[in-house]
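Please open the structure in your viewer and keep the sequence panel beside it.

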Amino acid sequence: MTGVRVLVGTRKGAFVLSSDGQRERWNVDGPFFGGWEIYHLKGSPVDPNRIYASQSSGWFGQLIQRSNDGGKTWEPVGNKFVYEGVPGTHQWYDGTPHPWEFKRVWHLEPSLTDPDIVYAGVEDAALFRSVDGGQSWSELPGLRGHGSGARWQPGAGGMCLHTILLDPSNPERIFIAISAAGAFRTDDGGQTWLPINRGLRSEHIPDPTAEVGHCVHRIAMHNSRPNVLFMQKHWDVMRSDDSGDSWHEVSGNLPTDFGFVIDVHAHEPETVFVVPIKSDSEHYPPEGKLRVYRSRVGGNEWEPLGNGLPQRDCYVNVLRDAMAVDSLDSCGVYFGTTGGQVYASANAGDRWSAIVRDLPPVVSVEVQTLQ
Amino acid sequence: MIRVVLPPHLRTLAQIGTEVTLDIEGPVTQRTILDTLETAFPMLSGTIRDHVTQKRRPFLRFFACGQDRSFDLPDDPVPDMVMSGAEPFVIVGAIAGG
């Protein structure tokens, strides 16, 4: 029997939403870790019952939780994230040097081949890896040690490493993105890293086409075509056809090209979803209408999808890790809002309905397709 | 026997009640209390003190015998009443928004 499990991280706990393949009736379990910020949960593609969660608090710091039974029960595992060597400095908001300080884990990315291997993207930006199911963590220091590290600067939300994409065709290749340093790629398993920001243009930084310094909000790819990347930048929706070596804008007819999330249809590599947000200071949809925009041609030509979504007086945001797709025959799309709604479409965005409406502000949404 | 009271979220994390008791050999200080606590409940490591600096987390405070002991040195002896078990060593989450 097929089904889906939606993993929702919120400002005050985690929730697990589950349904059969019809995706019409839902069970809502949670809150897990009530009162804690859950930046991200994600299941292992190899063992769907293995789920990792990032649990953090301003009072008590960072914890990592692990489930081996699909989110029914959890156990805390290792939470020691220590930068390799002398941490050094990056730029602070005012341009002065600021010491690297660990704050939290933004994103957990389990390995495509081993349920005990998992990557963690953290603030202040760095990439960590565990090879023992989250019990211990080691930094991949080549990223932070890239010559540009001292020039990286935090975005409004902090200097976070928020996107980790593992190339299914090449185990040595990983893409990551940092706000506000930009996108990077390794081709040697994380030892060395290359900034991949050529073609990005950010008018709000001193050199709009600088090698680093771009506020990349999210990157997405289709597993069948990992050399094609889609990016929601602070402003601009971008596309790369050469693994990030160069980018070109595909914002096209979007009502605004500011936003946070971006994702790709599970079966159509040229079908892309974004949620336009009015501006960098007005973090809500244009005209108070919540609309997902879909391009079926890889960008530039976008259609609004608002059937079932609020079309008046809606002023929520959709954060960068808060959209995901399932891989059932009719691709499901899911996203969560800062207003606590989690919306689902079982038909690639044609019609939407709310699974839940009154959760705490949603930080992240991931989906597991269960066979 | 040293009595320690934890804030509610850490009790949930460690799956313990309001108060835990610790046996500490040698000097009883904030450092030895927390070392012993973390040995008994490893999941608490990093939640009260920073892993690297070993400093108290900024939004946590330490109280004993009705006094704020947050700024005592880690190796100072705790009050006699705590050493004798008559009073608990209390770890409190600071009142703050959120």
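The confidence score used at the first stop is pLDDT, the predictor's confidence in each residue, which runs from 0 to 100. Colour chain B by this score: its mean pLDDT is 95, and 97% of its residues reach 70 or more. For the complex, the predictor gives an ipTM of 0.94 and a pTM of 0.96. This is a predicted model, in which local features need pLDDT of at least 70 and side-chain atom pairs count only at pLDDT 80 or more, whereas totals for chains, interfaces and linings use all residues. Residues are numbered from 1 along each chain as its sequence is written, while chains are lettered from A and ligands numbered from 1 in the order in which they are written.

**Where the chains meet**

Select chain B together with chain A and look at the side where they touch: 13 residues of chain B are in contact with eleven residues of chain A, contact being counted if the C-beta atoms of two residues, placed from the backbone, lie within 7 Å. Helix H1 (residues 8-14) of chain B gives the most to this side of chain B, with three residues; helices (H or I, at least four residues) and strands (E, at least two) are DSSP runs, numbered from the N terminus. By class, the side of chain B that touches chain A has six nonpolar, six polar and one charged residues. In this count Ala, Val, Leu, Ile, Met, Phe, Trp, Tyr, Cys and Pro are nonpolar, Asp, Glu, Lys and Arg are charged, and the others, Gly among them, are polar.

**The sheet of chain B**

Stay in chain B and select its strands, where an open sheet of five strands has the order E2-E1-E5-E3-E4, with mixed pairing; two strands pair if DSSP finds at least two bridges between them. The edge strands are E2 (19-22) and E4 (67-68) of chain B, each of which pairs on one side only. Four bridges join strand E1 (residues 2-5) of chain B to E2(B), and these two run antiparallel; the bridge partner of Ile2(B) in E2(B) is Leu22(B). Helix H2 (residues 30-40) of chain B packs on the sheet, touching E1, E2, E3 (60-64) and E5 (89-93) of chain B, and its direction makes about 105° with that of E2(B). Such angles run from 0 to 180 degrees between N-to-C directions, the axes being lines fitted to C-alpha atoms, for helices over the stretch in contact.

Next, pick Thr21(B), which is found in strand E2 of chain B. Is this residue, Thr21(B), buried or exposed? Thr21(B) counts as exposed because it has 11 C-beta neighbours inside 10 Å; a residue is buried if 20 or more other C-beta atoms lie within 10 Å of its own, exposed if 12 or fewer, and partly exposed in between, with C-beta atoms placed from the backbone. Not counting residues up to four places away in sequence, Thr21(B) touches Met1(B), Ile2(B) and Arg3(B).

Then move to Cys65(B), in the loop between E3 and E4 of chain B, which has a positive phi of about 55° although it is not a glycine. Cys65(B) is partly exposed, with 15 other C-beta atoms within 10 Å.

**Into chain A**

Select Val6(A), one of the residues that touch the most other members of the largest nonpolar core, which has 110 residues. A nonpolar core is a set of buried Ala, Val, Leu, Ile, Met, Phe, Trp, Tyr and Cys residues joined through C-beta atoms within 7 Å. Leaving aside neighbours within four places in sequence, Val6(A) is in contact with residues including Leu17(A), Tyr334(A) and Val342(A).

Continue to the four strands E22-E23-E24-E25 of chain A, which form an open sheet in that order with antiparallel pairing. Five bridges join E22(A) to strand E23 (residues 272-277) of chain A, and the bridge partner of Asp263(A) in E23(A) is Phe273(A).

From Asp263(A), step to Gln232(A): their C-alpha atoms are separated by 9.3 Å, though the two are 31 residues apart along the chain. Gln232(A) is found in strand E19 (residues 229-233) of chain A and counts as buried, with 29 C-beta neighbours inside 10 Å.

Finish at two peptide bonds in chain A. The bond from Glu123(A) to Asp124(A) is cis, with omega near -5°, and the bond from Ser179(A) to Ala180(A) is cis, with omega near 10°.
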